[in-house]
Amino acid sequence: IYTRSLADPDWGIKLTGKEGTHAIGFYSAQDSITNLLLPGSYGSKTTSLQMKTIGTVLRYRLDVGKISTLGVLVTYREGEDYFNRLAGIDAFFRLTPRKHVTVQFLASQTRYPGQVAVENGQPADKFFGTALDFIFRHESRNIGYYASYQQVTPEFRADLGFMPQVGYRNINGGLILASWKNPGHWYTFMNIVPSFDYEVDYEGNLIHKKLKLTGNYF
């Protein structure tokens, strides 16, 4: 969700609150200018339509136990011959005090006005896409590690969010080695972080790959 996607709202309403284990966020607004981000695997384009649209976002989160959550997200933006609908679920699970998993799955359906579709190489009819995000992390005082996987289909759109890239699969991970010393030593904290990142498009073509070694101390 990217609230600055609203360019020139005529009106809007907003509701947020939390009661017990339930939290909710909601807004709906009419925008007199419709900014579109048209993403691809290697870059994105933008365009603006002199069209009034109504954009609505609903977010619900349920606390599970003391440290885990389940959530639902729904967004909807519609104007003349245009709409973008998105819905998804997400979860944060604390497996142990040091290990946790975050996962989100989203699906979208979109239709652009005919002229916009032709001029920007977009599908002429409504189209459907999905996005998946998975992260595993282990965190402790002296050692940590993480791994993540993302895949976003070429047809996925989040017009009330900010996703400048679609049509890719990405895997990355890293190791965090840390050392702490008492005050008066030549350093009080030092870490070394080797990591990797590998990404391809939906046809298997390499977008980028890298191995990286970073370090910090103070």
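1. How many salt bridges does the count come to? The count is six salt bridges, in a model that is predicted.

2. Asp 63 and Lys 18 form a salt bridge whose closest N and O atoms are 2.9 Å apart. This pair links distant parts of the chain, since Asp 63 belongs to strand S5 and Lys 18 to strand S1, 45 residues apart. Lys 18 is partly exposed, at 46% relative accessible area.

3. Arg 59 pairs with Asp 90 in a salt bridge, with 2.5 Å between the closest N and O atoms. Asp 90 has a relative accessibility of 15% and counts as buried, whereas Arg 59, at 27%, is partly exposed.

4. A salt bridge also joins Arg 111 and Asp 81 (3.7 Å, N to O). Arg 111 sits in strand S8 and Asp 81 in the loop between S6 and S7, 30 residues apart. Both are partly exposed: Arg 111 at 27% and Asp 81 at 40%.

5. The largest pocket has a volume of about 250 Å³. Its lining has 19 residues, with Asn 35, Leu 36, Leu 37, Gly 161 and Phe 162 nearest the centre. Strand S3 gives the largest share of this lining, four residues. By class, the lining has nine nonpolar, six polar and four charged residues.

6. The second largest pocket holds about 210 Å³ of space. Among its 13 lining residues, Ile 1, Leu 73, Leu 86, Gln 104 and Leu 106 are closest to the centre. Strands S6, S7 and S8 each supply at least two lining residues.

Technical notes:
Residues are numbered from 1 along each chain as its sequence is written. This is a predicted model: local features need pLDDT of at least 70, side-chain atom pairs count only at pLDDT 80 or more; totals for chains, interfaces and linings use all residues. Side-chain values use heavy atoms; hydrogens and water are left out. On a 1 Å grid over the protein atoms alone, a cavity is a set of points where a 1.4 Å probe fits but cannot get out, and a pocket is an open set with protein on both sides within 12 Å along at least five of seven lines; lining residues have an atom within 4 Å of a point. Grid points are joined across faces, edges and corners, and a volume is the space filled by probe spheres set on the points. Ala, Val, Leu, Ile, Met, Phe, Trp, Tyr, Cys and Pro count as nonpolar, Asp, Glu, Lys and Arg as charged, and the others, Gly among them, as polar. A salt bridge is a side-chain nitrogen of Lys or Arg within 4 Å of a carboxyl oxygen of Asp or Glu. Buried means under 20% relative accessible area, exposed over 50%, partly exposed in between (1.4 Å probe, protein chains only).
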